[in-house]
Amino acid sequence: PVLAMLHALSSAGSRRAIWWLHTTRNRRSEAFAIEVADLLAAVPQAKRRVVYTETQGRLDGRELAALGLPANGTAYLCGPTSFMSDMRAALMTAGFDPARIHSELF
């Protein structure tokens with residue numbers, strides 16, 4: 001679902017600030033890495049951060065806050081239940097309104 005959203009933003013030439021945060025085990029398991037990079041290149045205000053759990057662990061609220069994410073932004077999470085629960089808590093710690101955090105289980 002988030003990849004489809006990125007396709008729509010990219011093809012529309014969106015000027016929105018887009019943060020693509022991706023957590024995966026390692027570089028080999030990074031889904032759609034080239035496709036995402038190409039799509040983000042078409043969005044002038046896009047930023048990308050990939051975290052490899054084998055070497056870096058998961059992002060937490062302190063790290064999210066340090067990235068400078070806009071607390072008034074809207075977050076879309078996609079992943080397993082435990083990941084989404086942890087990320088929801090991290091985003092709230094970083095100042096996000098829980099009503100602006102949306103998730104879809106896969």
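In this predicted model, I34, D38 and A41 are exposed on one side of helix α2. The other side of α2 holds buried residues. These are V36, L39 and L40. Viewed down the axis of α2, the buried residues fall within an arc of 95°, so they line one face of the helix. An α-helix has 3.6 residues a turn, so residues three or four places apart point the same way.

The pairing of the two helices can be described in more detail. Two packed helices are described by the angle between their axes and the distance between the axes. Helix α1 spans residues 2–11 and helix α2 spans residues 33–41. Their axes lie 9 Å apart, and the packing angle is about 30°. Angles under 35 degrees count as roughly parallel, and α1 and α2 are therefore roughly parallel to each other. The crossing of α1 past α2 is left-handed. From α1, the residues L3, L6, H7 and S10 take part in the contact. They meet E35, V36, L39 and L40 of α2. By class, this contact has 5 nonpolar, 2 polar and 1 charged residues.

S14 sits in the loop between α1 and β1. Its relative accessible area is 9%. Residues under 20% count as buried, so S14 is buried. Apart from its neighbours within four places in sequence, S14 contacts L9, V43 and P44.

Note on methods. Residues are numbered from 1 along each chain as its sequence is written. This is a predicted model: local features need pLDDT of at least 70, side-chain atom pairs count only at pLDDT 80 or more; totals for chains, interfaces and linings use all residues. Side-chain values use heavy atoms; hydrogens and water are left out. Axes are lines fitted to C-alpha atoms, for helices over the stretch in contact, and angles run from 0 to 180 degrees between N-to-C directions. Helices (H or I, at least four residues) and strands (E, at least two) are DSSP runs, numbered from the N terminus. Angles under 35 degrees count as roughly parallel, over 145 as roughly antiparallel, 65 to 115 as roughly perpendicular and the rest as oblique. A crossing is left-handed if the near helix is turned anticlockwise from the far one by less than a right angle, and right-handed if clockwise. Contact means heavy atoms within 4.5 Å. Ala, Val, Leu, Ile, Met, Phe, Trp, Tyr, Cys and Pro count as nonpolar, Asp, Glu, Lys and Arg as charged, and the others, Gly among them, as polar. Buried means under 20% relative accessible area, exposed over 50%, partly exposed in between (1.4 Å probe, protein chains only). The arc is that of the directions from the helix axis to the C-beta atoms.
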